[in-house]
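Subject: Structure handover

Hello,

Here is the structure for your files. My notes on what turned up follow below it.

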Amino acid sequence: MVKERAAIFIIFGGSGDLAHRKLYPSLFRLYKSGFLKDHFAVIGTARRPWSDDYFRETVVTSLKESFDDDEAIMKEFAQHFFYQSHDVNDSEHYIALKNLAAKLDDQFDAGHNRVYYMAIAPRFFGTVAEHINSEGLKAEGYNRLVIEKPFGRDLDSACELNGNISKAFPEDDIYRIDHYLGKEMIQAIPNIRAHNDKFEEALNSKYVSNIQVTLAEALGVEDRGGYYETAGVLRDMVQNHIMQIIGAVASDEPEATEAKVIHKNRTELFNSLKVLTPEEVDKDFVRGQYDTDELAENKAYRQEDNVAEDSQIETFTAGKIQFNSERWSGVPFYVRSGKRMPAKSSRIDIVFNEKVEELGIRPNTVVTLLIEKVDGHKVLINGIDYKDSKQDFIKLPDETKTDKAREAYESLIIDILAGNRIHFTLWDELRSTWKYIDAIRQRWDSQTADFPNYLSGTMGPDSAEMLLERDGNSWIWD
Ligand SMILES: NC(=O)c1ccc[n+]([C@@H]2O[C@H](COP(=O)([O-])OP(=O)(O)OC[C@H]3O[C@@H](n4cnc5c(N)ncnc54)[C@H](OP(=O)(O)O)[C@@H]3O)[C@@H](O)[C@H]2O)c1
């Protein structure tokens with residue numbers, strides 16, 4: 001048994017949506033593959049007074065939605081699950097949690113390791129972290145704190161939250177989740193760069209015309225209107241996922257394998273973000289909110305449950321991000337994300353200029369990296385499925401050609417147990433990206449938007465097209 005795989009997971013918010021939809025299925029996959037075996041237990045905690053048996057039933061029920069395995073293996077897995085009723089503000093409950101964790105550690109020989117997982121509302125993150133520390137929950141092995149997004153809602157609140165959790169946990173034990181960093185394609189990008197000298201040589205302002213990142217969703221906010229009203233797409237997608245995708249494509253030294261070096265490079269990149277003035281926000285960022293569709297079959301955003309009738313929250317944004325770095329100076333990074341677009345698509349389009357001919361690459365080549373695997377396993381490069389690719393300009397390293405697409409949360413849990421922080425967001429990176437986003441948010445909050453301004457099922461407001469046309473460019477995915 002590898003010692004690091006032994007752990008007691010304490011899931012705060014153990015009865016919630018994230019835990020049931022993402023965490024338990026991912027733990028189950030790790031159990032089925034033998035990665036997690038005998039030496040682990042999961043304590044789910046929340047206020048409702050569930051019994052262990054009832055909790056296990058809920059776990060099995062949610063597994064049945066994703067897997068068609070024999071129920072017997074699900075029940076066997078669920079024997080590792082225990083429930084402790086707990087209110088985040090009640091100190092005594094933490095003592096009960098501590099005692100239960102110690103008992104289960106003996107029972108499962110779990111190596112005195114603890115993973116504290118915050119699958120709970122962000123306003124509780126600081127309180128829970130402080131109580132874990134003050135009530136002495138930490139065990140003699142490792143003690144790792146996992147924090148879901150959103151990490152703050154602006155720079156000030158992120159600083160405050162970070163201040164609270166860092167009183168209780170050293171930075172090296174904090175794992176801030178951005179689940180895009182768990183996606184195989186994002187993890188493969190540094191690898192692709194490191195294995196393709198010409199591609200890497202071309203990735204700079206001399207040869208790149210522009211880089212486009214699109215995270216489009218076909219769905220609306222569904223039943224998450226209440227959450228969305230506090231977020232909007234700028235906070236929900238750009239500050240975290242889009243910035244981290246840019247970090248993977250544009251930071252220096254892709255061949256680095258040490259977490260510290262990788263994070264240093266990303267931090268340097270984000271520190272060179274050109275923060276926009278209010279006038280530049282008006283010019284370089286556009287926002288939109290979906291209306292119904294042409295046939296009025298879908299609800300407009302303002303008609304969704306728990307959404308204000310006059311909501312000013314944006315469900316679409318497109319913008320031009322620029323860096324003050326030698327490598328990327330003058331290269332626009334066009335980013336775009338929205339709900340109720342014509343299709344779901346998560347992609348990076350790297351558009352080269354004519355000068356790449358010097359490197360033997362066709363002028364104006366576009367390299368497209370699909371972030372979501374098509375059909376579960378394909379990766380598109382140069383618009384060609386890699387399996388059929390005749391291009392020798394760029395090749396996928398063998399280790400990225402797996403047909404077994406791993407769920408993002410599954411690979412993030414493996415990293416947490418291994419103490420590998422490469423695919424998590426560090427505080428220094430967040431500070432810079434929040435500073436950048438705050439400038440846009442503050443400008444928008446000082447103005448009234450003319451919403452709704454795009455029909456469901458379309459590419460967003462016309463201003464998103466004009467943003468690129470103005471520079472003589474156009475969206476590749478259109
Ligand atoms: N759901 C997603 O797909 C998703 C995606 C990305 C990030 N996240 C993040 O993950 C976190 C959880 O989201 P969620 O969607 O799972 O929320 P959720 O379904 O509302 O679950 C919240 C959990 O917190 C518990 N809880 C609430 N108040 C509590 C208190 N005072 N003391 C102890 N437990 C309490 C709830 O159970 P009781 O009511 O029984 O206490 C429930 O188990 C949030 O930070 C969210 O932003 C969620």
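Which residue lies over the face of F151? R176 does, at 4.9 Å from the ring centre. A charge counts as sitting over a ring if NZ of Lys or CZ of Arg is within 6 Å of the ring centre and within 35 degrees of the ring normal. R224 is placed over the face of Y227, at 4.6 Å from the ring centre.

Some ground rules. This is a predicted model, in which local features need pLDDT of at least 70, side-chain atom pairs count only at pLDDT 80 or more, and totals for chains, interfaces and linings use all residues. Residues are numbered from 1 along each chain as its sequence is written, and side-chain values use heavy atoms, with hydrogens and water left out.

Ligand site

The shell around the ligand has 21 residues (a heavy atom within 4 Å). S15, D17, R21, R48 and I120 come nearest. Helix 1 (residues 17-32) gives the largest share of that shell, three residues. Helices are DSSP runs of H or I with at least four residues; strands are runs of E with at least two; both are numbered from the N terminus.

A polar side-chain atom of S15 is 2.6 Å from a ligand oxygen atom. R48 also puts a polar side-chain atom 2.6 Å from an oxygen atom of the ligand. For G16, a polar backbone atom is 3.1 Å from a ligand oxygen. The protein buries 81% of the 880 Å² that the ligand exposes when taken alone (Shrake-Rupley, 1.4 Å probe).

Aromatic pairs

The whole structure holds 26 aromatic pairs. Rings of Phe, Tyr and Trp (its six-membered ring) pair if their centres lie within 6.5 Å; planes under 30 degrees apart are stacked, over 60 edge-to-face, the rest tilted.

F12 and Y94 are tilted, at 6.5 Å centre to centre and 35° between the planes. F12 is in strand 1 (residues 7-12) and Y94 in helix 4 (residues 91-108), so the pair ties together parts 82 residues apart in sequence.

F55 and F81 are both buried. One aromatic cluster includes F55 and F81, with W50 and Y54 among its other members.

Domains

The domain assignment gives domain 1 (3-148) and domain 2 (181-407 + 426-469). Their centres, taken over C-alpha atoms, are 33 Å apart.

Best regards

Note on methods:
Buried < 20%, exposed > 50% of the residue type's maximum accessible area, 1.4 Å probe, protein only. Domains from an automatic or database assignment. Polar contact = N/O pair within 3.5 Å; in protein donor to acceptor, adjacent residues only side chain to side chain.
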